[in-house]
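Hi there,

Here is the structure I promised to pass on. Have a look at it first, and then read my notes on the ligand and the pockets below.

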Amino acid sequence: MKKKGMIFVISAPSGTGKTTVINEFLKGHRNDFSVSVSVTTRQPRKGEIDGRDYYFFTKEKFRDYVKKGRFLEHATILDNYYGTLRETVLKTVNSGRNVIMDIDVQGAGKITKKVDCITIFIVPPSFKELSRRLLNRRTESVDAVKNRLALAKKELKERSKYDYIIVNDKLADATGYLDNIYALERLNRAMAKSKKEKL
Ligand code: ADP
Ligand code: 5GP
């Protein structure tokens with residue numbers, strides 16, 4: 001039987017740098033991972049491309065997908081809906097390829113109940129630095145930044161529920177930790193397999 005791919009679930013408050021860390025990590029592992037492209041009802045940011053960064057849906061279309069059970073998990077975040085496409089993820093994992101996804105704490109809680117995942121929470125070095133990154137990114141209004149920071153306070157409380165925590169202070173270190181987690185998880189799997197074979 002073909003070995004299933006692993007699912008890496010990454011969560012972090014908006015602005016922590018999870019997209020940046022994931023993109024850096026993927027530079028070294030392009031052949032091993034597919035990125036799960038989520039669906040959202042929020043407006044695209046400058047430079048975001050439909051189908052690459054997100055699938056941008058209307059709320060009506062999103063609700064229709066919910067009714068049809070097409071999401072593995074979905075959540076409402078700051079008045080918008082976000083969801084992970086069931087079929088794409090399961091097909092990829094069943095083909096033996098790993099999937100990496102960036103989802104919020106509500107989504108991570110739901111998905112771990114449905115499929116085996118490795119969960120990773122990325123924290124900013126400080127709240128002050130998180131505010132600085134969010135403001136510097138210049139993708140949201142000051143009000144939207146305030147809402148994201150208020151949500152970040154709540155989300156940070158959930159970090160102990162994750163398998164691993166990474167601090168994204170220096171980007172190279174954060175990416176290095178993610179590399180190490182991947183190496184460790186591959187080793188764990190190989191050891192579990194050889195244990196099974198000996199039984
Ligand atoms: P998220 O996906 O978590 O919302 P982004 O990856 O968009 O966050 O990063 C938010 C901002 O912080 C971006 O402007 C990015 O360039 C910057 N950033 C990410 N990681 C670091 C880091 N380690 N040091 C300094 N700035 C960073
Ligand atoms: P942003 O609007 O900054 O791209 O994302 C806001 C939040 O939505 C982030 O915490 C991100 O992890 C989360 N998110 C993105 N895609 C999904 C998804 O498919 N499901 C869930 N539950 N959260 C998602």
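By class, 6 nonpolar, 5 polar and 7 charged residues make up the shell around ligand 2. Here Ala, Val, Leu, Ile, Met, Phe, Trp, Tyr, Cys and Pro count as nonpolar, Asp, Glu, Lys and Arg as charged, and the others, Gly among them, as polar. Please keep in mind that this is a predicted model, where local features need pLDDT of at least 70, side-chain atom pairs count only at pLDDT 80 or more, and totals for chains, interfaces and linings use all residues. Residues are numbered from 1 along each chain as its sequence is written, chains are lettered from A and ligands numbered from 1 in the order in which they are written, and side-chain values use heavy atoms, with hydrogens and water left out.

The shell holds 18 residues, with Ser38, Arg42, Tyr54, Tyr82 and Asp102 the closest; a residue belongs if one of its heavy atoms lies within 4 Å of the ligand.

Taken alone, ligand 2 exposes 510 Å², and the protein buries 96% of that (Shrake-Rupley method, 1.4 Å probe).

**The pockets**

Which pocket does ligand 2 take up? Its space is the largest pocket, meaning that more than half of its atoms lie within 2 Å of the pocket's grid points. A pocket is an open set of points on a 1 Å grid over the protein atoms alone, where a 1.4 Å probe fits, with protein on both sides within 12 Å along at least five of seven lines; lining residues have an atom within 4 Å of a point.

The largest pocket has a volume of about 1,300 Å³, that is, the space filled by probe spheres set on the points. Its lining has 50 residues, and Thr19, Arg42, Arg45, Tyr54 and Asp102 lie nearest its centre. The lining divides into 17 nonpolar, 17 polar and 16 charged residues.

The second largest pocket has a volume of about 640 Å³. Among its 19 lining residues, Lys3, Lys4, Gly5, Asp116 and Arg189 lie nearest the centre.

Best wishes
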